[in-house]
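Q: Can we read a model together, feature by feature? Please start with aromatic rings.

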Amino acid sequence: MVLTAYHCIKIHFDCIKVKSERTGKPKQAQRMKKRKEYKDDDGRTIANMNVDGFRWYESPEKKERRAHVAKKVGKAEKRSMFVSLAIPLICLAVGGILAYLFCFYVWLG
């Protein structure tokens, strides 16, 4: 049997459906669980769970490197990000306007 993209997608969604039927809740509802809020919680850590051997363990060197990478974005960087987003959006808008004009005047007119 040859698996096509259609079959792969169907199998994927069937698996999601089976998982959600087991719990009785749709998958979106499972993801959107709210955390309990406690009145006496002040945000302090009681036990550090960053233990060597756990899959989420993060070494102090790795934490330090990550802290150096996360820096504030400068004015020039913000401008370059805006320009890199604005150019495709302008092209998309111009293309949409041209498609509308083509449909209205040439195709339907």
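A: Definition first: rings of Phe, Tyr and Trp (its six-membered ring) pair if their centres lie within 6.5 Å; planes under 30 degrees apart count as stacked, over 60 as edge-to-face and the rest as tilted. Now the case: ring pairs link Y100, F104 and Y105 into a cluster. The model is predicted, so local features need pLDDT of at least 70 and side-chain atom pairs count only at pLDDT 80 or more, while totals for chains, interfaces and linings use all residues. Residues are numbered from 1 along each chain as its sequence is written, and side-chain values use heavy atoms, with hydrogens and water left out.

Q: How many aromatic pairs does the structure hold?
A: A pair of aromatic rings is described by the distance of the centres and the angle of the planes. The structure holds 3 such pairs. F54 and W56 form a tilted one, 4.9 Å centre to centre with 55 degrees between the planes. F54 is partly exposed at 36% relative accessible area, and W56 is partly exposed at 48%. Buried means under 20% relative accessible area, exposed over 50%, partly exposed in between (1.4 Å probe, protein chains only). Y100 and F104 form a stacked pair, 5.9 Å centre to centre with 10 degrees between the planes.

Q: How many residues apart are Y100 and F104 in helix α4?
A: They are 4 residues apart, and therefore separated by about one helical turn. Y100 is exposed, with a relative accessible area of 54%. F104 is partly exposed at 44%.

Q: Which secondary structure elements does the chain have?
A: Helices (H or I, at least four residues) and strands (E, at least two) are DSSP runs, numbered from the N terminus. This chain has 4 helices and 0 strands. Along the sequence the pattern is α-α-α-α. Helix α4 covers residues 75-107 and contains Y100.

Q: What nonpolar patch does the surface carry?
A: Patches are made of residues with over 30% relative accessible area and no salt bridge; like charges are joined within 9 Å, nonpolar side chains (Val, Leu, Ile, Met, Phe, Trp, Tyr) within 5 Å. Here I90, V94, I97, L98, Y100, L101, F102, F104, Y105, V106, W107 and L108 form a nonpolar patch. Together they have about 1,400 Å² of accessible area. Such areas come from the Shrake-Rupley method with a 1.4 Å probe; for residues, only the protein chains shown count as cover.

Q: Is E58 buried or exposed?
A: E58 is buried, with a relative accessible area of 17%. E58 sits in the loop between α2 (27-31) and α3 (60-69). Contact means heavy atoms within 4.5 Å. Leaving aside neighbours within four places in sequence, E58 is in contact with N50, K63 and R66.

Q: How many salt bridges does a search of the whole structure find?
A: Side chains of opposite charge can pair when their charged atoms come close. A salt bridge is a side-chain nitrogen of Lys or Arg within 4 Å of a carboxyl oxygen of Asp or Glu. The search finds 1. R44 forms a salt bridge with D42, their closest N and O atoms being 2.7 Å apart. R44 is exposed, at 64% relative accessible area.

Q: How many disulfides are there?
A: A disulfide is a covalent bond between the sulfur atoms of two cysteines. The criterion is a pair of cysteine sulfur atoms within 2.5 Å. The whole structure has 0. C91 is exposed at 52% relative accessible area. C103 is partly exposed at 27%.
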